[in-house]
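Here are some exercises to work through with the model open beside you. Try each task before reading its solution.

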Amino acid sequence: MTVSMAVQQPAGGTELLPSHQARLDYRTGKGWSTAGVANGFVQGNLAILPEKYAGAFHRFCQLNPKPCPIIGMSDPGDPHIPALGADLDIRTDVPRYRVWRDGEMVEEPTDLLAHWRDDLVTFVLGCSFSFEEALMADGLPIRHIEQGCRVPMYRTNIACTPSGPFAGPMVVSMRPFKPAQAIRAVQITTRFPAVHGAPVHLGHPDLIGIADINTPDYGDPVPVATDEIPVFWACGVTPQAVIAAAKLPFAITHAPGLMLITDLRNKDLAVL
């Protein structure tokens, strides 16, 4: 896939892509949630692990493509993934990160400059924010974008297929829709397997281990009207639950809802 690094202007000058500008903003501490930012461009979840665990994690993603679709991967110690964007720096270009030690989240820094190591391998996983553009283009409402908050996410009782030390429950994100809208959402998101694809569950959150839809494990709660049903998609925050369960000595992820914005275009991920 060829990534365009700049938009040519009629006068012969160049203008930064919205995705590149967003990364520069986050690099300097501006902005918060990435939902609705740089529309049209792919956002990604992060899992950053020591090289000794990278092979097993790569296999975990292959075995669990719904929650963990890989769209980019770095060489050990390299904070750049040129295929995903111009001047992209994994250490600085996400609004907030999470640092994990022995399965516990110990810090949420706004950059990784003090934590970076030469043995770290970065995995960038597809994010449901990418298919939200297609949903909105079809006139479907996205509640958390309307309310200016983070998408609600929940741990479930759906077990992932294990690989090495990596095992644990799938995390899902939720968007409420009227029943007819939910059917359309299934049709639309099926076209985007690289960013989680079709939902994994509709309605009845208790059947997938969610006790209280108003109390998400990550992100922010959003209201579900009486004429709506909750629709659940596999979520790229799943590695956080898996990394916590594996109790790795050291790992880094993004803070939920605060993603890496790439220069890839959402439309290029559609398969139909």
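**Exercise 1. Where is R143 found, and is R143 buried or exposed?**

Step 1: R143 is found in helix α4, residues 143–146. Helices here are DSSP runs of H or I with at least four residues, strands are E runs of at least two, and both are numbered from the N terminus.

Step 2: The relative accessibility of R143 is 13%, so R143 counts as buried. The classes are buried under 20% relative accessible area, exposed over 50% and partly exposed in between, with a 1.4 Å probe and protein chains only.

Step 3: Apart from neighbours within four places in sequence, R143 is in contact with P176, V222, P223 and E228. Contact means heavy atoms within 4.5 Å.

Before you go on, a word on the source: this is a predicted model, in which local features need pLDDT of at least 70 and side-chain atom pairs count only at pLDDT 80 or more, while totals for chains, interfaces and linings use all residues. Residues are numbered from 1 along each chain as its sequence is written, and side-chain values use heavy atoms, with hydrogens and water left out.

**Exercise 2. Describe how helices α3 and α5 pack.**

Step 1: Take α3 as residues 129–137 and α5 as residues 179–189; they pack at an angle of about 125°, and their axes are 10 Å apart. That angle makes α3 oblique to α5. Axes are lines fitted to C-alpha atoms, for helices over the stretch in contact, with angles from 0 to 180 degrees between N-to-C directions. Under 35 degrees is roughly parallel, over 145 roughly antiparallel, 65 to 115 roughly perpendicular and the rest oblique.

Step 2: The crossing of α3 and α5 is right-handed, meaning that the near helix is turned clockwise from the far one by less than a right angle.

Step 3: From α3, F131, A134 and L135 make the contact, and from α5, A185, I188 and T189.

Step 4: Sorted by class, the contact of α3 with α5 has 5 nonpolar, 1 polar and no charged residues. Nonpolar covers Ala, Val, Leu, Ile, Met, Phe, Trp, Tyr, Cys and Pro; charged covers Asp, Glu, Lys and Arg; the others, Gly among them, are polar.

**Exercise 3. How many aromatic pairs does the structure hold? Describe two of them.**

Step 1: There are 7 aromatic pairs. Rings of Phe, Tyr and Trp (its six-membered ring) pair if their centres lie within 6.5 Å; planes under 30 degrees apart are stacked, over 60 edge-to-face and the rest tilted.

Step 2: F57 and F166 have ring centres 5.4 Å apart and planes at 75°, so their pair is edge-to-face. F57 lies in helix α2 (residues 51–63) and F166 in the loop between β8 (153–159) and β9 (169–177), so the pair ties together parts 109 residues apart in sequence. F57 is buried at 0%, and F166 is buried at 0% too.

Step 3: For F177 and W233, the ring centres are 6.4 Å apart and the planes at 80°, so this pair is edge-to-face. F177 in strand β9 and W233 in strand β11 (residues 229–234) are 56 residues apart.

Step 4: Ring pairs link F57, F60, F123 and F166 into a cluster.

**Exercise 4. What is the phi of D87, and where is D87 found?**

Step 1: D87 has a phi near 55°, a positive value in a residue other than glycine.

Step 2: D87 is found in the loop between β4 (70–73) and β5 (97–101). With a relative accessible area of 47%, D87 is partly exposed.
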